[in-house]
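Colleague: I am new to reading models. Please walk me through this one, feature by feature.

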Amino acid sequence: METINFWELWGGVAYRFWPVWVGMAITYLLMRANRKHIGVFGHLLDSPVGVTGLMIVLFWLFTAVFADVVATFDPLEQFYRHRRKPPGMVELESMIPMYFGSDNLGRDLFSRMVYGSRFVLLIAPSATLVAFIVGITLGLPAGYKGGRTDSILSFIANMILSFPVIVLFYLLVTPGIRETALPNVMASVFFMFPIVFALTVLRSRFSERPGLLFPWSVIILILGGWLYSGVVFNSDPLGLISMDPNELNIFAAVVFASSPGVFRIVRGLTMDIKTRDYVAAAQTRGETPWYIMLWEILPNARGPLIVDACLRIGYTTILLGTLGFFGLGLAPESPDWGSMINQTRGFIRLVPTIVLPQTIALASFVLGLNLLADGLREESLKD
Amino acid sequence: MVLTMLALSLVVFTLVNLEPNLRKLALEQNNNRMSQEAVDSWLDKNGYRRPFVVQYGEWLGGVLTGDLGYSTRFRMPVNEVLPKRLGYTGILAFWVLVTMVPSALLIGILSGMREGTALDRILSIFSVATTATPEYVSGILFTVIFASMLGWFKGVSNVNNITFENFTLPVMTMSIYGMGYIARMTRASMSEVMTSQYVRTAHLKGLPFRSVVLKHALRNALIAPFTVILLQFPWLLTGVVIVEKIFNYKGFGWALVEAAENNDIHLLLACSLVSVVVVIGTQLISDVGYAYLNPRIRVES
């Protein structure tokens with residue numbers, strides 16, 4: 001068995017990531033040059049904690065983007081002669097080293113870790129975004145109007161929150177459930193929210209200027225309808241947008257589990273902000289409730305919401321890992337970090353390093369998001 | 001609370017009675033190579049095909065008279081399965097709380113009393129790092145380090161024979177994950193108290209730093225973390241499921257996973273009810289306790 005030494009290993013790994021380093025450097029320099037114009041992200045560069053977090057997040061972001069260049073092997077290719085090998089072993093046919101060793105089926109752990117970032121960075125931020133839109137659309141009226149709307153919505157939110165996430169996933173993310181229409185129904189409800197949200201934003205802004213309202217609404221309806229049909233019903237007329245039923249199932253479950261949390265935060269912020277003077281001024285001007293909620297309250301709640309979004313993307317990443325860890329929802333061969341942890345953890349005794357790449361990847365990404373959130377919070381408090 | 005439990009049990013009941021889940025149950029209870037007709041007749045014979053309302057009413061009636069039903073996975077009444085498993089998890093949760101709470105408070109107070117120092121930075125990074133590492137990551141890392149490499153502890157636990165060797169890792173995994181969050185809350189509340197007027201007065205009248213912290217700041221700084229500690233219980237429940245699976249500790253969380261994997265209707269319903277009781281109960285206790293600890297709220301109400 002041919003192996004490479006410590007320096008060749010880490011030098012090789014650092015070299016493989018070259019597009020990522022270039023991307024991070026360019027982003028940093030661009031941010032540095034425009035720091036006056038990008039608001040709180042400009043201040044972020046003053047805080048060492050925030051910059052560390054930002055760099056970790058950017059690292060995984062660019063890894064996901066350039067996964068094809070960074071990875072050395074196909075993440076699904078199995079080398080039967082090289083099963084459960086320690087790091088730094090050279091694959092004999094191609095003479096390419098398997099930097100982090102191989103898993104129980106002889107797949108290259110380094111490439112799987114790199115490709116695993118793709119799944120996480122695609123699903124986690126987009127599910128968080130949808131959860132935020134759902135939470136905002138329901139939390140704003142609940143906090144602003146109160147009364148019966150509030151008590152009903154809060155009851156539902158508390159009910160979902162008092163349910164253990166694992167049971168929820170065991171009930172919602174199974175092959176059996178995928179045979180029923182439930183995931184599609186849930187997804188169709190959740191994806192309705194962004195469209196409704198965008199239309200409400202437009203209507204409250206341009207209600208007195210139908211000349212602008214009408215064309216924009218049409219554009220949103222066409223665009224939204226196109227994405228909607230592609231994602232939810234897998235029936236995009238152009239065939240460009242589609243989503244795997246597994247992923248749709250996971251997506252819907254994750255949105256379902258995390259939107260009540262957003263709802264509670266938005267509701268609390270709204271109840272706080274609606275007592276401010278500028279809201280009273282807008283009410284006196286005779287603005288509609290939705291205008292006040294979307295154009296007066298929401299922009300003023302953005303600070304805590306941005307911080308919460310960072311934390312919540314991290315939390316969603318943990319949830320996705322939990323799903324993989326319990327072997328729920330995803331195809332068994334899929335190179336996502338949670339499934340990788342689940343598949344390799346049985347072999348710790350034989351090869352202790354076999355679980356390290358994926359566990360450290362997941363932990364570092366969540367840590368990066370947490371540090372970023374800390375930095376943002378610190379800097380936004382300073383103003 | 002009763003309303004929440006009713007609504008939740010209805011939702012769970014609907015989901016477990018979906019056709020694919022019932023088929024899974026039938027296959028698990030008999031053998032995996034059953035034909036579709038055999039599955040159908042088995043389900044018919046055992047009353048799983050009766051109207052939804054009748055089945056739910058039957059279960060609800062049982063619960064109200066104290067009978068939680070029959071566990072198909074363990075082949076004995078839920079009333080026998082559940083208390084035993086809850087007891088095992090209780091032992092685990094007890095040790096987690098005993099180790100987690102004092103160390104988290106200590107970390108929070110140490111880093112909050114002098115904000116911005118090197119000690120504060122190090123402890124803060126430690127607490128962020130622990131909250132960012134989910135149990136299935138830290139548990140496995142600890143197993144690699146302490147069980148495989150150093151050989152100090154064992155990576156598998158046993159409920160019937162709890163020893164220091166096989167029980168340390170589960171407790172450590174859970175308490176370290178929860179520690180970070182409590183420590184951060186304590187730090188925030190401690191640093192807020194340290195900048196308040198009365199602490200400054202205490203400083204200015206020449207009291208030593210130690211007694212300012214211990215006698216003046218501490219009491220007020222511990223109010224907020226108290227609620228946070230209680231609200232950790234719901235999280236303990238989820239954590240318990242993961243940790244018990246990693247270390248094969250056959251407690252409540254393990255039973256819950258078994259119930260969910262095998263569509264054990266009554267056990268799953270009972271587990272959901274238990275967790276709802278825990279979550280809502282701790283919320284109530286934390287509200288009451290908060291009012292008790294904070295005289296301002298007590299006087300107003």
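This is a predicted model: local features need pLDDT of at least 70, side-chain atom pairs count only at pLDDT 80 or more; totals for chains, interfaces and linings use all residues.

Colleague: What average pLDDT does chain B have?

Modeller: pLDDT is the predictor's confidence in each residue, from 0 to 100. Chain B averages 77, and 92% of its residues score at least 70.

Colleague: How many helices and strands does chain B have?

Modeller: Helices (H or I, at least four residues) and strands (E, at least two) are DSSP runs, numbered from the N terminus. Chain B has 14 helices and two strands.

Colleague: What percentage of chain B is buried?

Modeller: A residue is buried if 20 or more other C-beta atoms lie within 10 Å of its own, exposed if 12 or fewer, and partly exposed in between; C-beta atoms are placed from the backbone. In chain B, 38% of the 301 residues are buried.

Colleague: How do I check a helix, say α13 of chain B?

Modeller: The expected span is 1.5 Å times one less than the number of residues. Helix α13 of chain B (residues 265-293) has 29 residues, so it should span 42 Å; its end C-alpha atoms are 42 Å apart, which agrees. Buried residues in α13(B) include I265(B), L268(B), S272(B) and V279(B).

Colleague: Which domains make up chain B?

Modeller: Domain bounds come from an automatic or database domain assignment. Chain B is divided into domain 1 (2-67) and domain 2 (90-297). Their centres, taken over C-alpha atoms, are separated by 37 Å. Two residues are in contact if their C-beta atoms, placed from the backbone, lie within 7 Å. The contact takes 12 residues from domain 1 of chain B and nine from domain 2 of chain B. On the domain 1 side, α1 (2-16) and α2 (19-29) of chain B each supply at least two residues. α1(B) gives the most, with seven.

Colleague: How is chain A split into domains?

Modeller: Chain A has domain 1 (6-116 + 353-382) and domain 2 (118-314). Their C-alpha centres lie 30 Å apart. The contact takes 15 residues from domain 1 of chain A and 11 from domain 2 of chain A. The largest share of the domain 1 side, nine residues, comes from α17(A).

Colleague: How many residues of chain B are in contact with chain A?

Modeller: 35 residues of chain B are in contact with 32 residues of chain A. On the chain B side, α7(B) gives the most, with eight residues. Now sort that side by type. Ala, Val, Leu, Ile, Met, Phe, Trp, Tyr, Cys and Pro count as nonpolar, Asp, Glu, Lys and Arg as charged, and the others, Gly among them, as polar. The chain B side divides into 25 nonpolar, nine polar and one charged.

Colleague: What is phi near in N248(B)?

Modeller: Most residues other than glycine have a negative phi. Phi of N248(B) is near 55°, a positive value in a residue other than glycine. N248(B) sits in the loop between α11 and α12 of chain B. With 14 other C-beta atoms within 10 Å, N248(B) is partly exposed.

Colleague: Where is V13(A)?

Modeller: V13(A) is in helix α1 (residues 6-16) of chain A. V13(A) counts as partly exposed, with 16 C-beta neighbours inside 10 Å. The C-alpha atoms of V13(A) and A281(A), 268 residues apart along the chain, are separated by 59 Å.

Definitions and conventions
Residues are numbered from 1 along each chain as its sequence is written. Chains are lettered from A and ligands numbered from 1 in the order in which they are written.
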